[in-house]
Amino acid sequence: MRLYLLKSPKRVAAAAYAHIKEILTSVSHPILGLATGSTPLRLYKNMVDDYLAGGISFRDTTTINLDEYVGLSGTDVQSYRYFMNKNLFMHIDIDIKNTHIPNGLARDLAKECLRYTELVDKNRPDVQILGIGSNGHIAFNEPGTPIESTTHVVNLDQSTIDDNSRFFDTIDLVPRQAITMGISDILKAKQIILLATGTSKAMALTRMLTKHFSADCPASFLQKHPHVTIYADESATHLLDKSGV
Ligand code: GLP
C-alpha cells in the first residue's frame, strides 16, 4: 500500500484525480469503480471541471458503483443513483446506460445481488475509488463482513445510520438496509484508490493500516490487494505513527 499524506482535502482530491486520470486515459474503454459519500465530492468536481475544460472525455467509460440503499428509487434525492447523477453523470459526456448502481428497489434482492457480482466479474474496474466509514467499513461492508463476501444485502450498523443521518431530515428516514458489493468484489479491481479526510476517519485509517487484517475493520482487508493507494489529509492521519507506516 502507498500512503500519500496531503495538507488539505482539496489537495487530496487533486492528487487522487491526477492518478485516476492517468489510469482512465491509458486504456481505450476504462472501467471506473465509484463511491458515494461526502469525501469524493471534490474529486467528482475535479472530473467535471476537467471535462468542461476539454481535458478528458467519459464517452467510452463504464462506471460501477459500490452500493445503494434498499427501498429507495433512483429518483429519491437520498438514493445513491440520484447522488451520482447530480454530482457527476449529468455534467459529463458519459452514456448513462454505461453507469451501474445496484437496484435498491429490486423485488428479488438475492437475484439482484447475484446479477451485480456477475457484472463486476465481467467488468473488473481499472480503478476503484473508495471512502472509509468511521467504523472501518468500505462500501457498506460493516465490521464482521468476511473477506469472501460478494454482493449482499446488509443491515446497517447503528454507527453508520448515525453517521449518514446528517444527509436526512431525521434519523428515522435513514434506510436500515443497503445492497453492497462484497469485499471479494472490491478486491477484483485492478487498482484501488482510497480517500480519507477529516478527524472522524483517523481511527479507522489507523486501524486499517496498523492492524493485522481482520473483519473487525473491513478496510484492513485492502492489505491483501497489490495496488492500493491512499490519499489522506493531515486530520485523517493525525493518529498514525508516521514513522511506522
Ligand atoms: C457510506 C458509503 C461509503 C462511504 C462512507 C463514508 O457509508 N457507503 O462508501 O465511504 O459512507 O462517507 P463520507 O465520505 O461521507 O464520510
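Predicted model: local features only at pLDDT ≥ 70, side-chain atom pairs only at ≥ 80, totals over all residues.
Local features need pLDDT of at least 70, side-chain atom pairs count only at pLDDT 80 or more, and totals for chains, interfaces and linings use all residues. Residues are numbered from 1 along each chain as its sequence is written, and side-chain values use heavy atoms, with hydrogens and water left out.

Now look at individual atom pairs. H137 places a polar side-chain atom 2.9 Å from an oxygen atom of the ligand. N164 has a polar side-chain atom 3.5 Å from a ligand oxygen atom. A139 contributes through its backbone: an N or O atom there lies 3.2 Å from a nitrogen atom of the ligand. The protein covers 95% of the 390 Å² of accessible area that the ligand has on its own (Shrake-Rupley method, 1.4 Å probe; for residues, only the protein chains shown count as cover).

The space taken by the ligand is the largest pocket. A pocket is defined on a 1 Å grid over the protein atoms alone, as an open set of points where a 1.4 Å probe fits, with protein on both sides within 12 Å along at least five of seven lines. A molecule sits in a pocket if more than half of its atoms lie within 2 Å of its grid points.

Stay with A139. This residue lies in the loop between β6 (127-130) and β7 (152-155); helices (H or I, at least four residues) and strands (E, at least two) are DSSP runs, numbered from the N terminus. Most residues other than glycine have a negative phi. A139 counts as buried because its relative accessibility is 11% (buried is under 20%, exposed over 50%, partly exposed in between; 1.4 Å probe, protein chains only).

G131 lies in the loop between β6 and β7. At 18% relative accessibility, G131 is buried. T36 is 95 residues away from G131 along the chain, yet their C-alpha atoms are separated by 7.8 Å.

Next comes S159, in helix α5 (residues 158-164). Its relative accessible area is 30%, so S159 is partly exposed. N135 is 24 residues from S159 in sequence and 7.2 Å away in space, C-alpha to C-alpha. The two side chains make a polar contact at 3.4 Å (a pair of N or O atoms within 3.5 Å; within protein, one must be able to donate a hydrogen and the other to accept it, and residues adjacent in sequence count only if both atoms are side-chain atoms).

S79 sits in the loop between β4 (67-69) and α3 (80-87). S79 is buried, at 1% relative accessibility. A polar atom of the S79 side chain lies 3.1 Å from the backbone nitrogen of Y82.

V12 belongs to helix α1 (residues 9-24) and is buried at 2%. V12 and R42 are 30 residues apart along the chain, with 8.9 Å between their C-alpha atoms. A202 is in helix α7 (residues 202-210) and is buried at 1%. A202 and I183 are 19 residues apart along the chain, and 21 Å separates their C-alpha atoms.

How values were computed:
1 Å grid on protein atoms, 1.4 Å probe; cavity = no way out; pocket = protein on both sides within 12 Å on 5 of 7 lines; lining within 4 Å.
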